[in-house]
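Q: Could you take me through the aromatic rings in this one, slowly? I'd like a close look at how they pair up, and then a sense of what sits around them.

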Amino acid sequence: MSDFSTTVSQAQVAGLADVARAAVTQWRKRHPDFPAPVGGASDRFLVDDVIGWLDG
């Protein structure tokens with residue numbers, strides 16, 4: 001399990017991408033390669049995975 005400092009919430013992902021939180025919800029539904037949640041939380045993601053996905 002990763003520690004809290006290396007993860008971001010879905011709202012923080014939206015902030016990183018400069019989109020509404022709803023856009024992140026749609027990405028999660030429509031893109032099977034979107035990073036999976038970590039640590040047993042449904043909306044915590046590894047920041048490195050998210051940045052890599054956004055840059056991809």
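A: A pair here means rings of Phe, Tyr or Trp (its six-membered ring) with centres within 6.5 Å; planes under 30 degrees apart count as stacked, over 60 as edge-to-face, and the rest as tilted. Take Trp-27 and Phe-34 to begin with: their ring centres are 6.5 Å apart and the planes meet at 40°, so this pair is tilted. Phe-34 also pairs with Phe-45, where the centres lie 5.6 Å apart and the planes stand at 80°, so that one is edge-to-face. This second pair ties together distant parts of the chain, with Phe-34 in the loop between H2 and S2 and Phe-45 in strand S2, 11 residues apart. Put together, ring pairs join Trp-27, Phe-34, Phe-45 and Trp-53 into a cluster.

Before going further, a word on the ground rules. This is a predicted model, where local features need pLDDT of at least 70 and side-chain atom pairs count only at pLDDT 80 or more, while totals for chains, interfaces and linings use all residues. Residues are numbered from 1 along each chain as its sequence is written, and side-chain values use heavy atoms, with hydrogens and water left out.

How hidden are these rings? Trp-27 and Phe-34 are both buried, where buried means under 20% relative accessible area, exposed over 50%, and partly exposed in between (1.4 Å probe, protein chains only). Phe-34 has a relative accessible area of 8%, and Phe-45 comes in at 0%.

Phe-45 also has a neighbour worth a look. Ser-9 sits in strand S1 (residues 7-9) and is buried too, at 14% relative accessibility. Leaving aside residues up to four places away in sequence, Ser-9 touches Asp-43, Arg-44 and Phe-45, a contact being heavy atoms within 4.5 Å.

The protein chain has 3 helices and 2 strands, in the order β-α-α-β-α from the N terminus. Those are DSSP runs numbered from the N terminus: helices are H or I with at least four residues, strands E with at least two. Of the contacts in the protein chain with a separation of 6 or more, 46% are between residues 24 or more positions apart. Buried residues make up 29% of the 56 residues, and the C-alpha trace spans about 25 × 20 × 20 Å along its principal axes.

Ala-41 lies in the loop between helix H2 (21-30) and strand S2 (44-46), and it is partly exposed, with a relative accessible area of 27%. Its C-alpha atom is 14 Å from that of Arg-28, 13 residues apart along the chain. Asp-18 is in the loop between helix H1 (10-17) and H2, and it is exposed at 71% relative accessible area.
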